[in-house]
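Take a walk through the structure below, chain by chain and then across the interface.

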Amino acid sequence: MTVIPEMEFKSILDEMGFKQPKRFLMNSPYDYRGNFPAVLKVSSGTITHKTESGAVVTDIKNIDILAEVLKGMKNKFPDETIYAEEMAKRGVEVIVGLINDQQFGKLLLFGVGGFYSELIRDVTFKKVPLDRYDAEDLLEELKFGSILNGYRGLKANKGVLIDFLLKVSDFSIQHQFSQIDFNPVFLYEDDYLIIDAKMVI
Amino acid sequence: MNLDDIFSVSSVCLIGASREEGKVGNVILKNLKKNFKGEIFLVNPAATEVEGIKCYRTIESIPHSVDLGVISLPSTKVVEAVASLAKKGCKICIPVAGGFGEQGEEGKKLEQEMIKVSSTSGTRIIGPNCVGVIIPRTGLNTALTTESKSKFPSDGSIGFISQSGALGLLAMDEFSDAGIGFSSFISLGNEIDVDETDMVTTLGRDEKTKCIAVYLEKIAEVDNFLKECKKTSEKKGIVVLKGGQTESGNRATSLHTGSLLKTSFSLKGIFRQNGIVQANNEIELIDFSSALAFAKPVKGNKVAVVSSAGGVGVVATDVLENHGFKVNKTSDALASRVGERISRIGSPFNPIDMTAEATNLQYENVIKELDSSGEFDAILAFVLFQTFGVTEDIIDFLSSFNRAGKTPIVVGVIGGEYSRVISRKIIANGVASFPSVSRAVAALGALRERGEFLRRFEK
């Protein structure tokens with residue numbers, strides 16, 4: 001089992017036209033040319049749960065704080081690649097995953113994402129490739145699927161989401177993997193952003 | 001050889017026929033004798049006749065061809081019998097006994113030998129370790145249960161396949177008790193040759209089968225099974241009750257996807273993708289199958305509720321809305337047309353309450369109005385025989401409306417023995433009928449799922 005370093009995986013996703021926040025490889029604070037607030041992350045081949053290990057710092061409001069956080073991170077993870085992203089505005093959070101299962105082959109997971117996703121466990125699985133009907137069905141199969149219709153000012157665009165799911169399905173056919181997480185994916189009224197992406201082969 | 005032959009078996013040979021009451025070879029013979037329209041041959045070297053039928057000493061000495069052989073012998077003697085039957089040109093063998101692959105290496109070897117006979121001769125094997133086959137249209141019945149303990153299905157439209165013998169028989173008893181007929185009952189046993197995918201293919205081709213009901217514990221070849229179901233489900237409904245945890249081969253849980261697969265995997269999404277309606281228990285298996293066999297697919301969320309009891313309508317509305325259905329109000333025009341058909345103290349909006357003054361004719365008129373209005377995707381009619389003006393005669397209308405009406409209809413009949421007897425008659429007339437609000441609504445859910453799936457084939 002090999003973890004693909006995040007920067008690398010995210011570049012592949014860029015090439016395929018998946019939408020992600022603007023990303024900058026960080027050697028010095030001045031490498032960052034995006035808007036604030038920013039997020040600093042370690043792109044590691046081993047660390048997969050970053051929030052717990054301090055390998056991700058969010059809501060960095062200006063260049064001074066960025067410089068300070070970057071320094072601290074470099075001390076803590078001297079051998080790792082560090083990168084920064086623009087911090088995305090909040091959207092409806094979903095998880096989209098791919099897994100190569102021994103019995104069923106390649107499966108796509110779709111579920112309620114974010115902080116509570118493993119508590120709520122509202123997920124559903126389909127075999128890939130998906131057709132448009134399958135993608136529409138995914139949205140119907142969640143218990144909390146109504147959050148896509150809008151909740152507390154956040155609203156998702158179902159057409160955009162379905163196109164994204166079909167794109168993930170295409171990706172799954174073209175690539176070999178053991179597991180992939182797109183978690184969370186932020187859904188907006190007119191777009192989506194993959195906030196975090198991890199791949200294990 | 002083609003499994004379609006199972007529907008046209010005209011001669012059966014029972015090897016190991018027994019005169020001893022309660023013995024497998026006797027139970028099967030009695031079931032076989034009852035209704036089978038073809039010829040029956042018995043093999044038992046120690047008897048000249050059993051139950052009035054002549055016994056042959058060997059399979060070879062039967063002076064007639066044999067379409068199907070039932071082998072009621074201990075496992076060690078089965079391979080030889082299968083080989084002799086194959087030589088005779090027998091199309092299908094059913095070894096009933098256990099003591100094969102399920103009991104270890106020795107048994108597995110016996111299975112291998114049988115598979116060899118099957119693949120070289122073309123004889124198909126159902127089992128071993130199974131409880132038999134019932135094809136009501138020809139009277140073929142090799143089931144391992146007796147009439148004193150179980151009801152047997154009448155000829156009907158559900159093709160039932162079961163990997164578990166016991167659960168298969170008890171579900172068969174329940175189906176039959178409700179008045180639901182079978183096109184076939186097939187106990188698959190150890191599936192050394194014929195498996196669930198073969199049977200889905202066969203029942204898919206059978207004109208009489210309108211819905212396939214399956215109880216599974218393991219799926220031999222997942223991809224084939226799903227592919228076959230998807231193909232078949234264009235023509236008819238498939239309901240699967242999958243028992244046992246579905247094992248996943250993935251141990252790695254470093255990512256969220258892997259850990260969610262481990263904790264929260266469900267087949268539902270994959271089943272829906274392939275036109276399979278998932279049942280969560282044996283009652284749903286029965287209800288969903290009969291709904292799919294009898295009623296039209298539901299293509300939307302709007303349900304009209306018709307009843308002669310306000311309370312039933314109110315409860316049904318709650319349950320429907322919980323299932324994601326809409327009990328939308330009738331339009332003013334429709335409400336006034338319905339209003340003219342029912343008592344002045346009733347309610348012509350939805351749920352439609354005809355009150356205790358309801359009659360068969362009111363039901364008929366209201367249902368016709370709802371149908372022609374086009375305002376609803378389904379009609380849920382609670383036909384309550386506790387109401388004075390509602391009688392058994394309503395069945396003729398329900399049956400003809402179910403055939404000729406545009407809107408799918410599901411009937412609820414709530415009550416004790418009297419109501420149950422009439423409900424069976426409603427079902428026997430090919431109308432989907434259920435004995436409670438929640439079961440009727442769940443069945444509508446299955447019909448909606450089917451309706452949604454069929455969108456794929458619409459142009």
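Among contacts in chain B between residues at least 6 apart in sequence, what percentage join residues at least 24 apart? The share is 72%. Contact here means heavy atoms within 4.5 Å.

This is a predicted model, in which local features need pLDDT of at least 70 and side-chain atom pairs count only at pLDDT 80 or more, while totals for chains, interfaces and linings use all residues. Residues are numbered from 1 along each chain as its sequence is written, chains are lettered from A and ligands numbered from 1 in the order in which they are written, and side-chain values use heavy atoms, with hydrogens and water left out.

Start with chain B. Its secondary structure comprises 15 helices and 19 strands. Helices (H or I, at least four residues) and strands (E, at least two) are DSSP runs, numbered from the N terminus. The C-alpha atoms of chain B fill a box of roughly 80 × 65 × 35 Å along the principal axes. A compact globule of 459 residues would have a radius of gyration near 23 Å, and the 25 Å of chain B agrees with that. The radius is taken over C-alpha atoms, and the globule rule is 2.2 Å times the number of residues to the power 0.38.

Of the 459 residues in chain B, 60% are buried. Buried means under 20% relative accessible area, exposed over 50%, and partly exposed in between (1.4 Å probe, protein chains only). Chain B exposes about 18300 Å², and carbon and sulfur atoms supply 50% of that area. Such areas come from the Shrake-Rupley method with a 1.4 Å probe; for residues, only the protein chains shown count as cover.

Now zoom in on one residue of chain B. Leu241(B) sits in strand E13, residues 237-242. Its relative accessibility is 7%, so Leu241(B) counts as buried. What does Leu241(B) contact, leaving aside its neighbours within four places in sequence? The partners include Val214(B), Tyr215(B) and Leu216(B). Among them are also Ala279(B), Asn280(B), Asn281(B), Glu282(B) and Leu285(B). Glu282(B) is 41 residues from Leu241(B) along the chain, yet their C-alpha atoms are separated by 7.2 Å.

Turn to chain A. It has 6 helices and 11 strands. The radius of gyration of chain A is 17 Å, close to the 17 Å that the globule rule gives for 201 residues, so chain A is as compact as a globular protein of that length. Its C-alpha trace spans about 50 × 40 × 30 Å along the principal axes. Buried residues make up 54% of chain A. The accessible surface of chain A is about 9400 Å², with 51% belonging to carbon and sulfur atoms.

Next, the interface. Here 38 residues of chain A are in contact with 32 residues of chain B. The area buried between the two chains is about 3100 Å², and carbon and sulfur atoms give 53% of it. Buried area is the accessible area (1.4 Å probe) that two parts lose on being put together, summed over both. In chain A, Phe104(A), Phe125(A) and Tyr133(A) lose the most area to chain B, together 20% of what that side buries.

From chain B, look at helix H7, residues 256-264. Here 7 of its 9 residues are buried. Among them are His256(B), Leu260(B) and Leu261(B). What do the buried residues of H7(B) pack against in chain A? They meet strands E6 (92-101), E7 (105-112), E8 (123-127) and E9 (179-187), along with helix H4 (117-120).
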